[in-house]
Amino acid sequence: HGCSSSGTCFCSNMNYLLYLLFWIVCDLTTQTGAISFLLEPDSRKCIREEVHKDVLVVGEYELEVSHFQKTDIEVIDSKGHTLFRKEDVSQGKFAFTTEDYEIFDVCFRTATIAAGGNEVTRSATLELKHGVEAKNYEDIGKAEKLKPMELELRRLEDLAESIVNDFAYMRAREEEMRDTNESTNTRVLYFSIFSMGCLLFLAAWQIIYLKRFFKAKKLIE
């Protein structure tokens, strides 16, 4: 769509650039923290995360050492597919790339294997990284023989691309919601017109029926 004036175009572009700069600064200043929690004996605990399409996800977990319990880990997507599974874990990593917008669960299942284990809770930590923060830029720099400045520019380029993709996703979601609202409004309008037509038909039928009834009773001519 064209702009009504150059000032309007300039303001629109400036707003977009300001939003982009804001998200870049936020991502640069945000540090990913690990989640700490307790695992009850003979129980299952899941951590849920959602990511966009074609995004690298890396997870790192560590559990308190226990000789009374064993804990299995499993990563499951929203369709029930197992993305990662390992039995009797204490620490480790997993990684996968999403094929579509996905909601996945990282589940820990704890079972008692020795006497007294049902009275012990086991502490655990889980750190999930996805997108730019999941990439190991040190390995990329070594593999491609990049200088520190070139490596930092690569990271900023990937970060900017990730933010643009996020904006594109939000815009697509906004358009989808707007189309849904417009479709709902159209259906409500048609239903209202249909309801009004039914009411008018019933009113006309009632008038005709009463008129015939009164004529049959010779109450009116």
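## Nonpolar surface patch and overall architecture

A nonpolar patch on the surface is formed by M196, L199, L200, F201, L202, W205, Y209, L210, F213 and F214, with about 1,100 Å² of accessible area together. Patches are made of residues with over 30% relative accessible area and no salt bridge, like charges being joined within 9 Å and nonpolar side chains (Val, Leu, Ile, Met, Phe, Trp, Tyr) within 5 Å. Accessible areas come from the Shrake-Rupley method with a 1.4 Å probe, and for residues only the protein chains shown count as cover. F201 counts as exposed because its relative accessible area is 57%; the classes are buried under 20% relative accessible area, exposed over 50%, and partly exposed in between (1.4 Å probe, protein chains only).

The model is predicted: local features need pLDDT of at least 70 and side-chain atom pairs count only at pLDDT 80 or more, whereas totals for chains, interfaces and linings use all residues. Residues are numbered from 1 along each chain as its sequence is written, and side-chain values use heavy atoms, with hydrogens and water left out.

The protein contains 3 helices and 8 strands, where helices (H or I, at least four residues) and strands (E, at least two) are DSSP runs numbered from the N terminus. Along the sequence, these elements follow the pattern α-β-β-β-β-β-β-β-β-α-α. Of the 221 residues in the protein, 23% are buried. The accessible surface of the protein comes to about 16,400 Å², and carbon and sulfur atoms account for 56% of this area. Among contacts (heavy atoms within 4.5 Å) between residues at least 6 apart in sequence, 79% join residues at least 24 apart.

## Strand pairing

Strand β8 (residues 122–130) pairs in the antiparallel sense with strand β1 (residues 35–39) over 5 bridges. Two strands pair if DSSP finds at least two bridges between them. Within β8, S123 is the bridge partner of L38. Strand β8 also pairs in the antiparallel sense with strand β3 (residues 56–63), over 7 bridges. Here A124 in β8 is the bridge partner of L63.

## Salt bridges

The structure holds 5 salt bridges, each defined as a side-chain nitrogen of Lys or Arg within 4 Å of a carboxyl oxygen of Asp or Glu.

D105 counts as buried because its relative accessibility is 16%, whereas R48 is exposed, with a relative accessible area of 60%.

E74 is buried, with a relative accessible area of 17%, while R85 counts as partly exposed at 45% relative accessibility. Salt bridges that share partners join E74, R85 and E87 into one network.
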